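Please look over the sequence and structure first, and then read the points below alongside them.

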Amino acid sequence: MASSSELKLFDRPILAIESSCDETSAAVIYGRSVLSNIVASQIEMHQKWGGVVPEAAARAHVEAVLPVIEEAIIRSGIGRDELGAIAVTNRPGLVGALSVGLTAAKAMAFSLKIPLLGVHHLEGHLLSTLALETPPPFPHTCLIVSGGHTEMIDVQALGEYRIVGATRDDAAGEAFDKGARLLGLGYPGGLAIQTAAQSGNAKRYPLPKGLSGDTIDFSFSGLKTAVLRLTEKEGDAISVPDAAASLQETVVSVLTERAMRAMDRLDSKALTLVGGVAANLALRSRLQAACDLRGYSFFTPPLSLCTDNAAMIGLAASYQLANGKRDGWDLDVYPNADI
Ligand code: KG4
Ligand code: ZN
């Protein structure tokens, strides 16, 4: 097992930029230290439409990107001339949104005459655990749960990833977001469901768990349909806290069951939980308890590094830059890309 002290990371501060969806973020990273991590959220704007509108997201990034970068540099206490590289999310994500971050990153790298590196958004989530005081050992198993992805990954080493399980339809975050919309809890749904669930009875409305049998894949689309049927059947009599608690319990128990099965299959002793849905407190404590019971170690980043942020992009860039990886001025954006 490799320990964190053996990690070879870039030896100069990195400015990282993330704009793949609805958060404009910039951060300064030095080694495994997050010196600043600024996030400008577009949530209020997208709430009007009940979801992310790509064109509006790109325009909001245009407005926010330079002030957010400026703030990240000031808060880091690092001078512009001390920066050693610019890292930017260039895949996957909304093309217009990604383009804004990439253009800003190119301009910064060009004017400061320092290297530029494009980073995969999911590798950013996956390596967000590097910021922990005690980061996970390698190999480990990683459960990525976000608004667009639900994947179980066998992480052999930095840069060596194998997807061993994935959703066949909706992501875990979508289950929360769509469920929340149906229950009138608004957008984004994850935190709203968690808050409503606090006073709810999770046993009140039994909901389907999707795939059965010996699998480490997921299916959450039936859950959304079941919540729709529930709202139609119950009408005004529905208890929103009970429905939210039932939905959360279903997602948490499926994710926990599959994670433990994957650990078993991979003979893995360390689990990481990352991505926006990793901010869910019920999920964090259930996985911690399941790992404790089996003697596995469990790692999940602080909440600020779960939902989209640039610090994780800088962390993922650091080992690649240390290994000499660089991108050219022709670096492009990609809406879809494998990790
Ligand atoms: O990683 P992320 O910020 O963006 C993507 O890469 O998709 O994840 C966003 C997702 C949304 O679906 C949101 O509802 C969910 O993370 N989320 C949560 C919580 N906070 C955010 N889901 C459950 N509980 C939360 N507390
Ligand atoms: Zn994300």
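This is a predicted model: local features need pLDDT of at least 70, side-chain atom pairs count only at pLDDT 80 or more; totals for chains, interfaces and linings use all residues.

Pro 188 is placed in the loop between α5 (172-182) and α6 (189-197), and the peptide bond that joins Tyr 187 to Pro 188 is cis, with an omega of about -10 degrees.

**Cis peptide bonds**
- A cis bond also leads from Phe 138 to Pro 139, where omega is near 0 degrees, and Pro 139 belongs to the loop between α4 and β6 (140-145).
- For context, most peptide bonds are trans, and most residues other than glycine have a negative phi.

**Positive phi outside glycine**
- Lys 113, which is not a glycine, has a positive phi near 55 degrees; this residue lies in the loop between α3 (95-112) and β5 (116-120) and is exposed, with a relative accessible area of 73%.
- Asp 267, likewise not a glycine, has a positive phi of about 55 degrees; Asp 267 is found in the loop between α8 (240-266) and β9 (270-274) and is exposed at a relative accessible area of 58%.

- His 121 and His 125 are separated by about one helical turn, because they are 4 residues apart in helix α4 (residues 121-126).
- His 121 is buried, with a relative accessible area of 8%, and His 125 is also buried, at 0% relative accessibility.

Notes: Residues are numbered from 1 along each chain as its sequence is written. Chains are lettered from A and ligands numbered from 1 in the order in which they are written. Side-chain values use heavy atoms; hydrogens and water are left out. Helices (H or I, at least four residues) and strands (E, at least two) are DSSP runs, numbered from the N terminus. Buried means under 20% relative accessible area, exposed over 50%, partly exposed in between (1.4 Å probe, protein chains only).
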